[in-house]
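Let's take a friendly walk through this model together.

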Amino acid sequence: MKNRTGRGGRASRRHEHKAAEIQRRIELFTAATGVAVSTLEELTWEVLDWFRLHPEAKAKVRLEGTRAVFTGRVHGQPWLAVFDVVLPYGYPPAKAKDLLKSYLSRGRENFPQGMKLYPITAFPRESENRGS
């Protein structure tokens, strides 16, 4: 009978691969910007902050269901930052996109009460083409 302790199995290798990929993303961002981050959540917020603070990033936002996908450039390298968006009850998604665009262009510092962003992930564009 197979030992079911859970060490060294496929799930463990998958987790190690994912952790290595996240670390690689963090190192790429830190090397490009000099901004030190230690977690995927911090990386996601820092990429969004980079888009907001640097007009040359040419950042854009699109809504995909409940997700906001911010795209832009970090020192010439295309990056994505993905957030879950929670809207106040009865708030139209079209208006939410306008708010996110305004936030991105620094026209707005805060969201309406009840609207929140929850970081999901951030990565350089090339890594999505590799299938990771």
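## Arg 52 and its surroundings

Contact here means heavy atoms within 4.5 Å. Leaving aside its neighbours within four places in sequence, Arg 52 is in contact with Tyr 103, Leu 104, Arg 106, Arg 108 and Glu 109. Arg 52 is found in helix 2; helices (H or I, at least four residues) and strands (E, at least two) are DSSP runs, numbered from the N terminus.

With a relative accessibility of 12%, Arg 52 counts as buried. That word means under 20% relative accessible area, while exposed means over 50% and partly exposed lies in between (1.4 Å probe, protein chains only). A polar atom of the Arg 52 side chain lies 2.8 Å from the backbone oxygen of Tyr 103.

## Model and confidence

This is a predicted model, in which local features need pLDDT of at least 70, side-chain atom pairs count only at pLDDT 80 or more, and totals for chains, interfaces and linings use all residues. Residues are numbered from 1 along each chain as its sequence is written, and side-chain values use heavy atoms, with hydrogens and water left out.

The predictor's confidence in each residue, pLDDT, runs from 0 to 100. The chain averages 84, and 86% of the residues score at least 70. Over residues 127–132 pLDDT stays under 50, and the model has eight contacts beyond four places in sequence for that stretch.

## The sheet and the helices on it

Four strands form an open sheet in the order 1-2-3-4, with antiparallel pairing; two strands pair if DSSP finds at least two bridges between them. Strand 1 (60–64) and strand 4 (116–124) stand at the edges with a single partner strand each, so one side of each is left without a neighbour in the sheet. On average, neighbouring strands of this sheet are turned by 25° against each other, direction ignored. For such values, axes are lines fitted to C-alpha atoms (for helices over the stretch in contact), and angles run from 0 to 180 degrees between N-to-C directions.

Eight bridges join strand 2 (residues 67–74) to strand 3 (residues 77–86) in the antiparallel sense. Arg 73 stands opposite Pro 78 in strand 3. Helix 2 (residues 40–53) packs on the sheet, where it touches strand 2, strand 3 and strand 4, and its direction makes about 90° with that of strand 4. Helix 3 (residues 93–104) also packs on the sheet, touching strand 1, strand 2, strand 3 and strand 4; its direction makes about 155° with that of strand 1.

## Salt bridges

How many salt bridges does a search of the whole structure find? There are four, each being a side-chain nitrogen of Lys or Arg within 4 Å of a carboxyl oxygen of Asp or Glu. In helix 1 (residues 10–33), Arg 25 and Glu 21 are four residues apart, which means they are separated by about one helical turn. These two form a salt bridge, with the closest N and O atoms 3.4 Å apart, and both are buried. Glu 21, Arg 24 and Arg 25 are linked in a network of salt bridges.

Asp 84 and Arg 67 meet in a salt bridge at 2.8 Å, N to O. This pair links distant parts of the chain, with Asp 84 in strand 3 and Arg 67 in strand 2, 17 residues apart. Asp 84 counts as partly exposed at 24% relative accessibility, and Arg 67 counts as partly exposed at 34%. Another salt bridge joins the side chains of Glu 64 and Arg 62 (2.7 Å, N to O).

How values were computed. Polar contact = N/O pair within 3.5 Å; in protein donor to acceptor, adjacent residues only side chain to side chain.
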